Amino acid sequence: MATVSFDRTRKAFGAHEVLKGISLDVADGEFVILVGPSGCGKSTLLRMLAGLEQATGGDIRIGGRSVIGVSPKDRDIAMVFQTYALYPHMTVSENMGFSLRLAKAPKAQADARIKTAASMLDLGQLLDRYPKELSGGQRQRVAMGRAIVRDPKVFLFDEPLSNLDAKLRVQMRAEIKALHQRLKTTSIYVTHDQVEAMTMADRIVVMNGGNIEQAGTPLELYDNPANLFVAGFIGSPSMNFIEGILEAGSTFRSKGGFTMPMPHGLAAKMGREAVYGIRPEHVEIARNGREPTLSPTITVVEPMGAETLILAEFDSDSISVSYRGRDIFKPGDKLPIVIDPNQAHLFDKATGEKIR
C-alpha cells in the first residue's frame, strides 16, 4: 500500500491546458473517486499517475517517491480499464496470470495468487473458460482479478462499469467496495456517474475544467457543497436552483416575486443577487394545516416505485419535489409545498460560491 500525491500537476496538449495545477493527497488505503463531466481532466489525471501520459508541470508521487519519468511497469500500480481488454485466445486463468508470467514469477506462487483472486471474485468455476463464454460482469471480474494478482501498491479504475447494464452496475459497485474493504489497497477510481461516487468512495474529488472544485466525504459534498457546480452535480435528482435577490429582513425574493425562507443565522448583504438551492427530497408537501411556502402548478409526474418525482412551475421558475407516498397527483393540480430553511443553500450569482 502507498500514499499518492499530486503537487501542482499540470497537463497541456499544445496550447490547450487540460489540468491547471492539481494538488491532491490520497492517504494510504483510501478509496478516492474522481468525478466530473466529460472533458474535466479526471481520466487524464489517472493516466498520468499510471505513466500513460506525461505531466507538463508539477510532480506526482507514489509512496513519497516521484514517478515523473518512471516507466509504467516500474510504478507498482495496476489499472482496470473501461474495456475489459482480455486476450480472447487465453482462458480466465491465463488472462489473470499473464502479468505474473511476464514477470517470470514461480508457477506455484502464480497459481496461488490466481486461486486467491478467483475465490474473492467468485470466478473459481470459470478458470478454464474463454472470454467469449463469459457475461459482461464476469469479464469485468476477470479484468479486476488480473489487477489483484499483481498485488500492487495502488489500484486505478478508469470508468470500469460504464459498459455494464444498470443491474450489473449496482452489483459490481457493491463488489468493488467490498473488495477494497478486504484488500485495503489505495484505490483511485474515475467516473462521470455521481451515484457511483456517492455509494463507493471514502472521499470524492469533484473536478471541472481542469480544476478541483471540492474534495470531501460523500455526505460532506451532499450536505455542504462549496459552490453551484458541486451542488448541481452531487445528488440525484439534481438540486433545485431559483434566481433572485437578497432583501432586508433576511428575505430571498425570486425574480417572479416569491419569497423563500432564509437559512437561520445567515447574514448576507442586502441587494446581492443570489441563487437559492433546495434539494427535491428536502421539499415537503404541506399537511395538517401547515402554511405552504409555495403552491406551484404540477406539470410532470414521474412514478418511480419507492418515490414519485413531481415537477411543478410557479411564475417563471420550476421546482422538483421527491415524494415518498401514495397520493395521486395530476398535471394541472396545485401542489402546496413547505421548504425547510435549514435545508436550503444560498450561492452568489456572480461567483457561484456558497454564501456562508
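Predicted model: local features only at pLDDT ≥ 70, side-chain atom pairs only at ≥ 80, totals over all residues.
Trainee: Is the peptide bond from Ser 236 to Pro 237 cis or trans?
Mentor: Most peptide bonds are trans. The bond from Ser 236 to Pro 237 has omega near 0 degrees. That bond is cis.

Trainee: With which strand does S11 pair over six bridges?
Mentor: The pairing is antiparallel. Within it, Phe 241 stands opposite Gly 277. The partner of S11, at residues 273-278, is strand S14.

Trainee: Is Lys 104 buried or exposed?
Mentor: Lys 104 lies in the loop between helix H3 (98-102) and helix H4 (107-120). Its phi is positive, about 60 degrees, although Lys 104 is not a glycine. Exposed means over 50% relative accessible area. Because its relative accessible area is 72%, Lys 104 counts as exposed.

Trainee: What is the relative accessible area of Asp 122?
Mentor: The place of Asp 122 is in the loop between H4 and helix H5 (136-148). Asp 122 is not a glycine, yet it has a positive phi of about 60 degrees. Asp 122 is exposed, and its relative accessible area is 63%.

Trainee: How far apart are the end C-alpha atoms of residues 4-234?
Mentor: UniProt, in an unreviewed entry, places the feature "domain: ABC transporter" at residues 4-234. Over this stretch the chain is 36% helix and 26% strand. The distance between the end C-alpha atoms is 25 Å.

Trainee: How many strands does the protein chain have?
Mentor: The C-alpha trace of the protein chain spans about 75 × 45 × 35 Å along its principal axes. Of its 356 residues, 48% count as buried. The secondary structure includes nine helices, and the number of strands is 20.

Trainee: How far apart do the centres of the positive and negative side chains lie?
Mentor: The accessible surface of the protein chain comes to about 16,900 Å², with 50% of it belonging to carbon and sulfur atoms. The chain has 43 positive and 41 negative side chains. The distance between the centres of these two sets is 6 Å.

Technical notes
Residues numbered from 1 in each chain as written. Heavy atoms only, no water. UniProt positions renumbered as here; feature names shortened; annotations may be inferred. Helix = DSSP H or I, 4+ residues; strand = E, 2+ residues; numbered from the N terminus. Pairing = 2+ DSSP bridges. Buried < 20%, exposed > 50% of the residue type's maximum accessible area, 1.4 Å probe, protein only. Areas by Shrake-Rupley, 256 points an atom, 1.4 Å probe, with all protein chains shown as cover. Lys, Arg positive; Asp, Glu negative; His and termini not counted. Charge placed at Lys NZ, Arg CZ, Asp CG, Glu CD.
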